[in-house]
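Look over the sequence and the model before reading on.

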Amino acid sequence: MKIFLAIFIASFLDPIRWIACICGAWFIRNFFGALAIGVGIPFLLTLLLDSRPNFYFLLIGALASIAIVSIFHFWRKSKLSKISSSTPSTN
């Protein structure tokens, strides 16, 4: 459990993961599409840079990516809903 927690926290320090997750969550409206980008880019980069990556590390990194994408996607969604609810309708 200690190793899981250490790897999970360490995966939040990866700047490539943050860039991929934020761009995916901010620019893609579909949540599952944003997840695919946020999880897929760091996953593929790890596969390209490491000849034999550990599956356990990839899984924990994917969980961290899911958390980052979820935070930014729902923050963007709530921000847009506040903007649309504050504008008066022209009916």
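A residue counts as buried when its relative accessible area is under 20%, as exposed when that area is over 50%, and as partly exposed in between. Phe72, with a relative accessible area of 17%, is therefore buried. The model is predicted.

**Helix contact**

- Helix H2 covers residues 15-27, and helix H4 covers residues 55-86.
- The H2 and H4 axes come within 8 Å of each other and cross at roughly 35°.
- The crossing of H2 past H4 is right-handed.
- On the H2 side, the contact is made by Arg17, Trp18, Cys21, Ile22, Ala25 and Trp26.
- On the H4 side, the contact residues include Gly61, Ala62, Ala64, Ser65 and Ile68.
- Further along H4, Val69, Phe72, His73, Trp75, Arg76 and Lys79 also take part.

**Aromatic rings**

- There are nine aromatic pairs in the structure.
- One of them joins Trp18 and Phe72, edge-to-face, with 6.1 Å from centre to centre and 90° between the planes.
- This pair links distant parts of the chain, since Trp18 sits in H2 and Phe72 in H4, 54 residues apart.
- Trp18 is partly exposed at 29% relative accessible area, whereas Phe72 is buried at 17%.
- Phe31 and Phe32 also pair: their ring centres are 5.7 Å apart and their planes meet at 65°, so the pair is edge-to-face.
- The cut-off behind that label is an angle of over 60 degrees between the planes.
- Phe31 is buried, with 19% relative accessible area, but Phe32 is exposed at 62%.
- Ring pairs also build a cluster from Phe4, Phe8, Phe12, Trp18, Trp26, Phe72 and Trp75.
- Lys79 lies over the face of Trp75, 5.6 Å from the ring centre.

**Cysteines**

- How many disulfides does a search of the whole structure find? The search finds zero.
- Cys21 is in no disulfide, and its nearest cysteine sulfur, that of Cys23, is 9.6 Å away.
- A disulfide needs the two sulfur atoms within 2.5 Å.
- Is Cys21 buried or exposed? Cys21 is buried, because its relative accessibility is 0%.
- Cys23 is partly exposed, with a relative accessible area of 37%.

Key:
Residues numbered from 1 in each chain as written. Predicted model: local features only at pLDDT ≥ 70, side-chain atom pairs only at ≥ 80, totals over all residues. Heavy atoms only, no water. Buried < 20%, exposed > 50% of the residue type's maximum accessible area, 1.4 Å probe, protein only. Phe/Tyr/Trp six-rings, centres within 6.5 Å; stacked < 30°, edge-to-face > 60°. Helix = DSSP H or I, 4+ residues; strand = E, 2+ residues; numbered from the N terminus. Lys NZ or Arg CZ within 6 Å of the ring centre and 35° of its normal. Axes fitted to C-alpha atoms, helices over the stretch in contact; angles between N-to-C directions. Left-handed = near helix turned anticlockwise from the far one by under 90°. Contact = heavy atoms within 4.5 Å.
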